Amino acid sequence: MHPVALLLSDARLPVAGHTQSGGLEPALAAGLDDVPGYLALRLATVTRTEAATAVVTLAHLQRGEGIDAVYDAWAARTPSAAMRETSRELGRALWRLASRLWPLPPLPAWMPRPVVLGAVAVACDLPAEDLVRVIGYDDLQTVASAALKLRPLDPAVATGWVVAALPLLDQLASSVTGLARPEEIPATGAPWIEQLAETHAATSRRLFRA
Amino acid sequence: MPDPTRAPSTRALRLGICGPVGTGKSSLIMTICASLAAELEIGVVTNDIYTDEDARMIRAAGVLPSARVVAVETGACPHTAIRDDVTANLMAVEDLEAAFALDLVLVESGGDNLTATFSPALVDTQIFVIDVAGGGDVARKGGPGIERADLLVVNKTDLAPHVGVAVEEMCADATAAREGRPVLALSRHDPDLVALLLDWVRGQVASHAAGTLVPADPGPMAPHFHAETGWHSHDDHPLTHQH
């Protein structure tokens, strides 16, 4: 694995990752008790769309093409305005850091996190498969570590969920790594997650931004 | 250290306000805003731990246009958000500075404990707030904020007779712990004390504008004295030394 992939998937990267629960906070509030199932659901749906957006961004930038069409495809496949806003906030935080570290290709302002990750991948020669694994793994750990704050339990249990879900990263990688065109980005939404994201964005009592 | 791409005098002064829960951080901010809004352009960033209540309260007080008060959620990490990963707060501060031509941005920490202080990467100067109702011994117990914040406020002095605390003694303890750094006994009901607070803020704004304000880190832990070993810093023996 490319060393920059390790850096990007490390929660200590200062990109405000501690503000995120991967939608777990509202999901628990709505009665979720199967967190491993939730992890799998995300990887198969919303996170798959994000990962595909990142690799298509990488392909576009490698071909020297603009990313407007990629952005539009991502936005069309991310129907929750709250989730688009969250991804743009995370993208902005990552851009803020990464643009100080690497010569990134120019992007419009306020690009979502997968587009910024795609730009980082171009700048660092990060392979598409590593990019997908970074996004999938980060999603797993975001949810698992938030679970330890929201429903305290033996940390080995939460880490066990991540370990058990690691084979799903292979599936994710094999399904989206080769994508190159915006129209190939899967529209794998999850209306339940999207609805909860909208609810969470409107609540006045929350620990996590999203 | 705050944004090295800008000269210090071209953006607002970023003033952090931290201290334990309930010591009066939001009240202090409202006092500053209400008193200085006529002479300074001010914005506020709050870091509530569980709600946006502080931001709503400050907006509801009507001391600032509501768009100038923004809340940052910290994912139960109020400490992280002001110290080791200040990204979310910096973005909020920069958004305020970009939207309004500000002289002063007040950043309120999520009420945490005696060990939480701001990174100089986020704020140029900081106030640590404790109060007499928290007990007269708090100042003596010390900690990085009490000992080395740019200003220590001992708040709610009007309550001292009701909680059996001698304000003079508490401030003397604090002054001794701070090696000459300023201590301000404050009651928002005492206009003379509030005036001292406002003068300190004005002085910081002027110093920042002149480019002479150098942000200082209160540090995670102060060097201190043990009779048997002499002066040391905990960086020297992080694993072997217990308190």
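Predicted model: local features only at pLDDT ≥ 70, side-chain atom pairs only at ≥ 80, totals over all residues.

Visitor: What makes a residue of E5(B) count as buried?

Guide: The test is 20 or more other C-beta atoms within 10 Å of its own.

Visitor: How do you know which faces of E5(B) are covered?

Guide: In a regular strand, side chains alternate between the two faces of the sheet. On one side of E5(B) sit B:Thr125, B:Ile127, B:Val129 and B:Asp131, and on the other B:Gln126, B:Phe128 and B:Ile130. They are all buried, and both faces are covered.

**The sheet around it**

Visitor: Why are E1(B) and E5(B) called a pair?

Guide: Pairing needs at least two bridges between the strands. Strand E1 (residues 13–18) of chain B and E5(B) have 4, in the parallel sense, so they qualify. As an example, B:Leu15 stands opposite B:Thr125 in E5(B).

Visitor: What does E5(B) pair with besides that?

Guide: Strand E6 (residues 151–155) of chain B, again in the parallel sense, over 5 bridges. B:Phe128 has B:Leu152 in E6(B) as its bridge partner. E1(B), for its part, runs parallel to strand E4 (residues 104–108) of chain B and is joined to E4(B) by 5 bridges. There, B:Ile17 stands opposite B:Glu108.

Visitor: What is the order of the strands in the sheet?

Guide: The open sheet has 7 strands in the order E3-E2-E4-E1-E5-E6-E7 (chain B), with parallel pairing. Strand E3 (69–71) and strand E7 (183–186) of chain B are its edge strands.

Visitor: Why are those two called edge strands?

Guide: Each of them pairs on one side only.

Visitor: Which helix lies across E5(B)?

Guide: Helix H9 (residues 191–209) of chain B, which also lies across E1, E4, E6 and E7 of chain B. H9(B) runs at about 140° to E7(B).

Visitor: How many helices and strands does chain A have?

Guide: Chain A comes to 10 helices and 0 strands.

Visitor: Why is chain A called as compact as a globular protein of its length?

Guide: The globule rule gives 17 Å for 210 residues, and the radius of gyration of chain A is 16 Å, which is close to that, so the wording holds. Its C-alpha trace spans about 45 × 35 × 30 Å along the principal axes. Buried residues make up 51% of the 210 residues in chain A.

Visitor: Which residues touch the most other members of the largest nonpolar core?

Guide: Among its 130 residues, those are A:Val55, A:Leu131, B:Leu106 and B:Val154. Helix H8 (residues 128–150) of chain A gives the largest share of this core, 11 residues. Leaving out residues up to four places away in sequence, A:Leu131 touches A:Ala54, A:Val55, A:Leu58, A:Leu117, A:Ala121 and A:Leu126.

Visitor: How many residues does each chain bring to the contact?

Guide: Chain B brings 13 residues and chain A brings 17 residues. On the chain B side, helix H4 (residues 87–99) supplies the largest share, 3 residues. By class, that side of chain B has 5 nonpolar, 5 polar and 3 charged residues.

Terms used:
Residues numbered from 1 in each chain as written. Chains lettered and ligands numbered in written order. Contact = placed C-beta atoms within 7 Å. Nonpolar A, V, L, I, M, F, W, Y, C, P; charged D, E, K, R; others polar. Core = buried A, V, L, I, M, F, W, Y, C linked by C-beta atoms within 7 Å. Buried ≥ 20, exposed ≤ 12 C-beta atoms within 10 Å, placed from the backbone. Axes fitted to C-alpha atoms, helices over the stretch in contact; angles between N-to-C directions. Rg over C-alpha atoms; globule rule 2.2 N^0.38 Å.
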